[in-house]
There are 2 protein chains.
Amino acid sequence: MKFIKSLFILTIAGIMTVDAQQKSLTLDDLIPGGKTYNQFQPERIKSPAFWADRFVFRQGDSIMSRNAAGSLIKQPVITLGKLNEALQADQKKTLKGLPAFTFSTDSKKPYAVFYNDNFILTYDFATNKIVKAIPYAQGDTAFDFNPDDTFVAVNNGNKLFIIDSEGKRTEVSTDDPGDIVWGQSVHRNEFGINKGTYWSPKGNLLAFYRMDETMVRDYPLVNVGARQGEVVNTKYPMAGMTSHEVTVGVFDPATGKTVYLQTEGPKDHYLTNIAWTPDQSRILLAELNREQNHMDLNVYDVKTGKKLKTLFSESSDKYVEPENPAMFIPGNDDRFVWMSEKDGYKHLYLYDMEGNQIRQLTSGEWVVKDIVRIDKKGEYIYYLSNETSPIEQHLYKVSVKDGKRTKLTAEPGVHYPRLNASATTFVDQYSAIDVPSKAVLVNTSNGKTNTLLESANPYQEYAMPEISVGTIKAADGVSDLYYRLTTPVDFDPNKKYPVIVYLYNGPHSQMITNSWQAAIRGWDIYMAQKGYVMFTIDGRGTDFRGRDFEQAIHKQVGVEEGKDQMKGIEFLKTLPYVDADRIGIHGWSYGGFMTTNMLLTYPETFKVGVAGGPVMDWKLYEVMYGERYMGNPETNPEGYETSCMLDKAQNLQGRLLLIHGDMDPVVVMQHSLNFLRKSVEVGVYPDFFVYPGHEHNVRGNDRVHLHEKITRYFDDYLK
Amino acid sequence: MKFIKSLFILTIAGIMTVDAQQKSLTLDDLIPGGKTYNQFQPERIKSPAFWADRFVFRQGDSIMSRNAAGSLIKQPVITLGKLNEALQADQKKTLKGLPAFTFSTDSKKPYAVFYNDNFILTYDFATNKIVKAIPYAQGDTAFDFNPDDTFVAVNNGNKLFIIDSEGKRTEVSTDDPGDIVWGQSVHRNEFGINKGTYWSPKGNLLAFYRMDETMVRDYPLVNVGARQGEVVNTKYPMAGMTSHEVTVGVFDPATGKTVYLQTEGPKDHYLTNIAWTPDQSRILLAELNREQNHMDLNVYDVKTGKKLKTLFSESSDKYVEPENPAMFIPGNDDRFVWMSEKDGYKHLYLYDMEGNQIRQLTSGEWVVKDIVRIDKKGEYIYYLSNETSPIEQHLYKVSVKDGKRTKLTAEPGVHYPRLNASATTFVDQYSAIDVPSKAVLVNTSNGKTNTLLESANPYQEYAMPEISVGTIKAADGVSDLYYRLTTPVDFDPNKKYPVIVYLYNGPHSQMITNSWQAAIRGWDIYMAQKGYVMFTIDGRGTDFRGRDFEQAIHKQVGVEEGKDQMKGIEFLKTLPYVDADRIGIHGWSYGGFMTTNMLLTYPETFKVGVAGGPVMDWKLYEVMYGERYMGNPETNPEGYETSCMLDKAQNLQGRLLLIHGDMDPVVVMQHSLNFLRKSVEVGVYPDFFVYPGHEHNVRGNDRVHLHEKITRYFDDYLK
């Protein structure tokens with residue numbers, strides 16, 4: 001792969017009149033939650049979906065559709081008026097606006113399913129009738145339908161229920177509620193887990209997670225919004241401490257019985273990536289040890305719960321991180337696709353049920369980001385990858401038979417394609433640095449493309465900063481790192497400007513992409529208006545650049561990516577307009593950790609920092625994520641010490657503002673408070689602010705206040 | 001009373017050489033907890049006490065004594081060496097330094113009692129023998145001996161025990177422990193209550209408090225010093241909410257039985273000021289309703305627990321606040337002294353047991369601060385008052401027979417006299433604005449005085465600011481208010497200086513007294529060194545100025561005393577060297593409330609404020625103190641609204657730093673956090689800092705950090 005030094009430069013200012021350039025954006029315009037924020041979001045198709053192969057979308061109070069060629073069909077699919085007639089006829093509560101629909105994948109079933117007044121309603125929009133009404137209970141969440149819609153699994157509190165088509169409700173959970181959680185996501189949503197129920201292909205069996213947290217310590221959050229402050233406990237297993245215990249059960253609605261998979265090994269292991277075989281006789285589980293350096297892909301017999309065999313294993317001296325369940329080639333009980341980083345990049349592999357690797361389907365110094373679909377015939381795997389550029393995302397298909405791959409999205413940028421039921425067309429909403437948003441309908445066979453929507457630049461009347469993207473070499477001398485550089489509005493190359501580095505640099509992140517304005521944050525634009533140079537770089541440790549690039553941070557977070565950030569500083573110092581004496585830094589979460597880390601490791605470089613929701617001591621972070629990157633505090637004491645900001649507090653020279661939400665259940669406020677305690681002890685003077693009632697991120701309109709607060713801090717001490 | 005405008009001016013600088021004046025004091029020198037703080041404290045007599053009539057005190061590893069004339073007796077009373085010999089002989093653990101002793105009041109008993117290695121030891125220093133060793137249990141606290149030392153009552157956790165001379169331990173408490181507290185102080189130490197056990201005069205009966213807190217809500221403090229943050233609950237009844245229920249029991253060690261006083265009325269009333277009659281047949285209780293506007297002084301029969309009668313009542317349209325138990329004239333079951341503010345100033349009254357007022361013993365526009373002693377013959381009451389000046393404290397005696405009173409302390413200042421057993425002499429340690437500390441032995445009959453110790457000025461080598469005390473008129477146009485004004489070191493009358501008001505201004509406080517340097521705080525000196533004018537004024541609401549002066553704040557805290565503080569500002573603005581555009585304000589607790597209140601009520605006046613442990617919403621403060629001054633939130637909604645800083649948050653114009661200890665059990669951190677929440681909502685920008693692990697005050701060496709933090713804030717925004 002080749003990278004040129006400066007890849008893109010976005011100079012929107014050039015296309016505007018002098019008058020228009022006078023207009024400035026407010027934080028309310030620029031920050032999510034701001035009063036006028038939505039006015040500045042590029043227009044997008046609303047509620048895009050497919051009913052079988054027909055593209056449908058919302059337009060006002062109607063659901064409209066387009067034919068395969070992309071032409072609008074004048075007759076609405078659904079209107080609010082008609083829907084309310086149907087609801088009234090069925091003696092159901094009417095609606096003031098269209099609900100969120102799930103459309104049938106069967107063109108013979110003109111059905112849209114939605115939730116209304118504690119009923120799951122199936123609306124036949126051809127006959128304008130409610131054809132099914134399944135009642136559900138107050139507090140039911142996470143509705144998970146089986147493939148033929150004869151059952152829906154629901155969570156209620158910690159319990160798990162299924163409801164059949166007649167509305168009959170059966171409890172799957174058997175233990176007393178409390179600290180045992182049934183049918184919900186486990187392992188804190190790591191390993192790609194985002195739900196807790198998995199219907200069998202035929203829909204008559206329900207695999208589910210059961211998580212016992214009785215042995216996990218509570219972290220006590222305090223809700224001061226109550227008349228008198230009250231504790232809200234959250235189960236929080238900290239690195240090295242006792243973790244929860246997960247099991248997988250299979251419930252049979254016909255018998256009312258549950259068979260548990262008889263997994264082996266220490267109970268704090270990880271049971272991930274549940275997958276049914278098409279004949280639903282077996283379940284595959286990717287099992288990891290607590291150390292996360294060894295994975296077995298095991299097969300279980302559904303009837304007995306007995307382990308049949310280990311298909312294969314993956315080990316690492318760092319970690320393995322399976323995030324994608326096995327996907328079987330439709331109609332074939334013996335072939336599945338597996339995603340693995342074992343060759344250094346996440347790619348697709350074809351395996352059989354003896355655990356033999358049939359072939360590697362993709363390879364190269366790029367990554368498969370996700371599988372979108374395997375077509376019904378089992379011929380093609382549709383997937384997203386960044387093969388064309390590390391900062392882009394395109395849709396490809398690869399032939400299962402011969403590994404031949406075809407790129408399906410044409411224009412540069414970050415694409416979000418949505419396939420129809422038969423994979424003959426897809427709707428692609430994408431953006432690029434100079435493309436606010438564009439939606440096209442594409443024929444997967446011939447590539448024929450129809451433009452559905454092309455958004456205007458929402459900032460066209462405003463004076464905008466110049467945004468450029470480029471690469472520099474990482475501290476390893478080899479890797480290319482992507483940066484985004486934003487120069488002040490009304491830039492004068494003869495002036496010296498203060499600069500603020502915004503960073504995250506943690507795993508599973510990518511701040512710079514070839515999407516609209518290079519994924520710049522509104523606050524960067526705001527600060528560029530105020531005369532700051534804004535800079536962000538994705539150092540090693542970040543996503544989509546391959547295994548070794550990410551794992552460079554292993555067991556010593558903050559060190560290597562800190563060196564990469566300093567490469568960014570070196571680059572900034574080569575820019576004649578950057579004032580090296582006025583360098584600030586800001587980040588949140590891992591970025592808050594990095595902000596503090598940079599300020600304390602390179603105190604001569606950074607004058608001002610604002611660290612939001614920062615990890616200050618990895619011992620206080622949770623087991624799943626924390627131990628993957630840092631190991632156990634007992635076996636990696638040096639790494640925990642090096643990465644502990646408390647141990648570096650005495651290095652503080654500049655101004656450092658810590659910000660925390662007092663209800664943060666992710667990075668608990670203990671991190672910031674312990675850093676303050678240590679700062680008091682060693683006689684340094686950080687600043688602190690709390691957003692009461694907020695969790696790990698300050699959301700809603702308060703986010704505008706947050707950014708004004710951050711801005712003032714830099715204005716006070718850096719400007 | 002007459003006040004002159006400027007009462008005192010302390011100009012220590014004048015007595016020093018030019019060279020010496022160059023030296024500056026650090027925060028470590030000036031702040032309690034600072035590394036060198038103790039070096040700057042005026043020398044005082046260590047562990048002063050009387051063994052019967054003989055004055056004893058510690059000198060190194062010896063207890064020395066003086067005769068009645070004040071001459072040092074060469075032979076030590078106790079030496080560590082001898083004591084350890086006695087301990088060794090008794091096979092007890094030896095000591096590395098002298099313990100704290102309680103000396104016998106009987107000259108025939110050369111006994112000193114102390115605690116060592118879970119024994120209460122009685123040391124006969126004449127024979128050099130341990131003559132009694134009573135074992136106690138781990139966790140025993142609050143040792144309360146009966147008058148003849150045959151029993152000691154102790155707390156252990158929530159339980160109450162008595163231990164007899166043989167070491168036999170009997171539990172008085174009977175309920176399961178948990179939220180029922182036995183034998184401890186109740187009503188959050190209001191009404192002068194500071195303990196929970198009250199031995200009868202003959203020592204064979206124990207009256208005690210039992211406090212049921214099961215119905216009181218917990219406030220959850222979070223200890224982040226633990227490996228994983230953990231809740232430390234504290235029972236905290238907030239204004240208007242359910243309060244605890246107190247009863248008084250009388251335990252008879254001879255029978256092991258407890259009789260409870262059969263008090264009447266709502267269970268959340270206040271049972272205060274327990275007093276035994278000399279014949280120990282009856283107990284007097286001052287009982288207040290929850291509203292605290294009515295008090296009955298009731299008499300109970302000890303044998304039956306039945307109420308015999310109400311001796312008299314005191315009512316108020318504001319509040320009554322008895323803080324001193326009835327004191328019987330020795331040997332007379334029918335005459336007791338009662339302290340009351342009913343004539344507008346706290347004075348002494350003689351009552352009989354029918355409830356008749358025999359006579360008012362003291363009167364005038366000054367207050368009796370405390371009764372020190374009634375002599376054994378019942379002739380004189382020794383008491384402290386501020387008759388000579390509101391800002392002084394002197395010892396007087398008043399004749400019970402005719403009310404004639406005699407002043408016993410001569411020099412101006414604040415006196416802390418300690419009487420000997422027969423009230424023939426007292427040792428008085430006192431200070432005044434220009435007297436660091438002086439100790440004298442005084443003969444109560446003839447006033448003959450011997451100086452025991454005269455401390456040097458600990459600051460004599462340092463350049464000190466000028467400190468002056470004066471009065472101005474309050475906003476009521478009538479009351480005189482005392483202020484303390486400190487001008488910068490190296491003062492130049494032609495310059496303009498920033499000024500910082502330090503204030504408290506809550507009930508039961510007095511910031512300005514005629515004690516050493518007018519009770520200036522070390523931080524004031526520090527800031528005066530840095531070029532700030534420092535100013536403090538005791539507005540209405542503060543102590544020792546009479547009932548109406550204090551009660552001016554009733555049901556609308558912040559309003560009247562706020563006006564008084566503005567009178568102080570008016571005065572400051574008359575000073576040519578004060579820069580009216582640079583006025584800051586700082587206070588803690590009630591002073592933190594007032595700081596915020598002044599900044600938000602008079603935003604045009606105050607540019608910078610630092611509010612520590614501030615009450616922000618009186619609904620969140622506790623029942624006992626809060627409802628006395630503010631009534632119930634339901635019956636005084638206007639007052640609670642006026643005094644609620646949240647409702648004024650939008651007025652914030654200047655810079656306001658809030659500081660809180662996260663373990664504060666007095667003004668819980670909910671106050672500051674709720675103010676932040678409201679500030680975010682209305683779009684204002686206070687600052688915030690937390691001292692983790694600290695309670696209502698930041699103590700120990702961290703207090704130096706605190707004051708550096710506060711200093712930097714004023715330096716950043718006011719200087």
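This is a predicted model: local features need pLDDT of at least 70, side-chain atom pairs count only at pLDDT 80 or more; totals for chains, interfaces and linings use all residues.
Helices (H or I, at least four residues) and strands (E, at least two) are DSSP runs, numbered from the N terminus. The axes of α5(A) and α6(A) lie 11 Å apart and pack at an angle of about 75 degrees; axes are lines fitted to C-alpha atoms, for helices over the stretch in contact, with angles from 0 to 180 degrees between N-to-C directions. The two helices α5(A) and α6(A) are therefore roughly perpendicular, a term for angles of 65 to 115 degrees.

Helix α5(A) itself covers residues 560-573, and its 14 residues reach 20 Å from first C-alpha to last, close to the 20 Å expected at 1.5 Å a residue (1.5 Å times one less than the number of residues). Because 10 of its 14 residues are buried, α5(A) is largely enclosed by the rest of the structure; buried means that 20 or more other C-beta atoms lie within 10 Å of a residue's own. Among these buried residues are A:Ile569, A:Phe571 and A:Leu572, and also A:Glu560 and A:Lys567. Besides α6 (590-601), the buried residues of α5(A) pack against strands of chain A, including β37 (466-473) and β41 (578-588).

Elsewhere in chain A, an open sheet of four strands runs in the order β29-β30-β31-β32 with antiparallel pairing, strands being paired if DSSP finds at least two bridges between them. Its edge strands, β29 (368-374) and β32 (405-407), each pair on one side only. From one strand to the next, the twist averages 30 degrees. Within the sheet, β30(A) and β31(A) pair over six bridges, and A:Tyr380 has A:Ser399 as its bridge partner in β31(A).

Turning to the two chains, 31 residues of chain A touch 31 residues of chain B. On the chain A side, α9(A) gives the largest share, six residues. That side comprises 16 nonpolar, seven polar and eight charged residues.

Residues are numbered from 1 along each chain as its sequence is written, while chains are lettered from A and ligands numbered from 1 in the order in which they are written. Local features need pLDDT of at least 70 and side-chain atom pairs count only at pLDDT 80 or more, whereas totals for chains, interfaces and linings use all residues.

Key. Two residues are in contact if their C-beta atoms, placed from the backbone, lie within 7 Å. Ala, Val, Leu, Ile, Met, Phe, Trp, Tyr, Cys and Pro count as nonpolar, Asp, Glu, Lys and Arg as charged, and the others, Gly among them, as polar. A residue is buried if 20 or more other C-beta atoms lie within 10 Å of its own, exposed if 12 or fewer, and partly exposed in between; C-beta atoms are placed from the backbone. Angles under 35 degrees count as roughly parallel, over 145 as roughly antiparallel, 65 to 115 as roughly perpendicular and the rest as oblique.
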